[in-house]
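Hi everyone, thanks for coming. Let me put the structure up, and then I'll walk you through a few parts of it.

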Amino acid sequence: MPVRRLNNYVYCPRLFYFQWVENIFQESADTISGSTLHRNVDAPSRLDDAKAKALGENLPEGSRLRSLRLESEKLGLVGVVDLIEGGADGTEIVDYKNGSARRTSEGEREAREPETFQMAAYALLLREQGVRVTGASIYYAGDRRRVSIEITEDLLQRAVNAVGEAKALAASGRCPPPLKNDGRCLGCSAYPVCLPNESHWWSRVRKATQNDSQLDFGFARRNEDEVRDRILDALDFAAESGKRMPTLEPPRPDHDDGEVLVVQKAGAQVGQRGDQLVVSVKGEDVRKIPGQQVRAIYLYGAVQMTAQAVDTCLELGIDVSYFSPAGRFLGLLRGLPASGVDARRGQYRLFDFPGVRLQLARESIRAKIHNQRVMLMRNGEVPERVAILMAGFRDATANARDVTELLGIEGTAAALYFEQFESMLKGSRGMGF
Ligand code: SF4
């Protein structure tokens, strides 16, 4: 196992599993600039007899070996040490890293834990060659300085244990669950593959639906004939409902009551200055918009909002929705409705009436199908038949006799929607939904 995978394991076992077991590598800006840095440093050389002898006798003070490849069958590790320097008392190892060291609460620079384990693994590999490693440090290109790491017996033992654990995980064939609400995910190159928030959500849903067939989206397992039959049935149903044939005019929004402010940049901040909401990144204003003109704010991932901006949104009735970096809806910040608790209680009491419940369900499914149709017509290349069918399903909701029938219409419309979904993704043919 490469020493870099040990680094991954200590960072996050799931990341290790993706890279080492499933061979999934997702490049990020950090990994690309990291490889570039190593290309500049590396001119890999194997441990030949002359180098082994020099190392075994401890390198003379001031001498250096660069990019030395080491391996150990006993440890099951292979790695390339960036730089080995001979010192007065023994040998020091140096690794090059892109970015900056972590800062302690006292403002001191220190290496991160995965990098510490990586250095310990190099020390173990060298020790097997009879080398006395007296020190280790990491050169951070972002800081342009070295940060020392103390190679203790305790650290070496923990590194050996971590290698054993990583190998056991790989052999288990079970991908570990994602981290929960953990800042490491924001800097992880595997984020787009891992989707930690979404994976947690799905595992919860899976558990909740094991005994609940109502939430089992039936269309996913049906064959095409069955789906087609259901579409035709629903179309007949829609025709019998006496609705006129739908128009095929491109859909347009029927009103414009404010802008939606979407902030996706990690580290951005939404603040307030006078009557304006101000979006800034690293202290630099990138967007200003009068609060009165904003209808809603969508915040994706690590975007902050100041207390003053929150107050303004609550006062002006601007909904603030929070999403994960990958776009999963997490929650909503909304001011109290002016009508207060009594109105809310009255709304809940209405849910006791089956007729009201059915009507509400009809309305929301109708709106959902309408929205799917609008999305397809605006962004996709939908055949005319699909637009007509979707309108048929939308109108059929008004006559659904019960919730079961409504679910059938909703599922059939969804099957049709996802059949056409790919046409909305520009330049990504053949993904299959
Ligand atoms: S996104 Fe988070 S949970 Fe997923 S692999 Fe990366 S660090 Fe681990």
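**Strands, helices and a ligand**

Let's start with a hairpin: β3 connects to β4 through 4 residues. Before going further, please keep in mind that this is a predicted model, where local features need pLDDT of at least 70, side-chain atom pairs count only at pLDDT 80 or more, and totals for chains, interfaces and linings use all residues. Residues are numbered from 1 along each chain as its sequence is written.

Helices here are DSSP runs of H or I with at least four residues, and strands are E runs of at least two, numbered from the N terminus. Strands pair if DSSP finds at least two bridges between them. On that basis, β3 (residues 77-86) pairs with β4 in the antiparallel sense over 4 bridges, with Glu85 opposite Glu92 in β4. β4 also pairs with β7 (residues 133-140), in the parallel sense over 7 bridges, and there Asp95 has Ile138 in β7 as its bridge partner.

Is β4 mostly covered or in the open? I call a residue buried if 20 or more other C-beta atoms, placed from the backbone, lie within 10 Å of its own, exposed at 12 or fewer, and partly exposed in between. In β4 (residues 91-97), 6 of the 7 residues are buried, leaving the strand mostly covered.

Now look at β16 (residues 329-333): 0 of its 5 residues are buried, so the strand lies largely in the open. Its antiparallel partner is β15 (residues 319-323), joined by 4 bridges, and Tyr322 is bridged to Gly331 in β16. These two strands form a hairpin with 5 residues between them, and Gly327 in the turn has a positive phi of about 100 degrees.

On to the ligand. Which residues surround it? Counting C-beta atoms, placed from the backbone, within 6 Å, the shell includes Cys12, Arg14, Cys185, Cys188 and Cys194. Two elements, α2 (13-21) and α7 (191-194), each give two or more residues to that shell. By class, with Ala, Val, Leu, Ile, Met, Phe, Trp, Tyr, Cys and Pro as nonpolar, Asp, Glu, Lys and Arg as charged, and the others, Gly among them, as polar, the shell has 10 nonpolar, no polar and 2 charged residues. The domain bounds come from an automatic or database assignment; domain 1 (3-172) and domain 2 (183-241) both contribute to the shell, so the ligand lies between them.

Finally, the whole protein chain has 14 helices and 16 strands, and buried residues make up 27% of its 433 residues.
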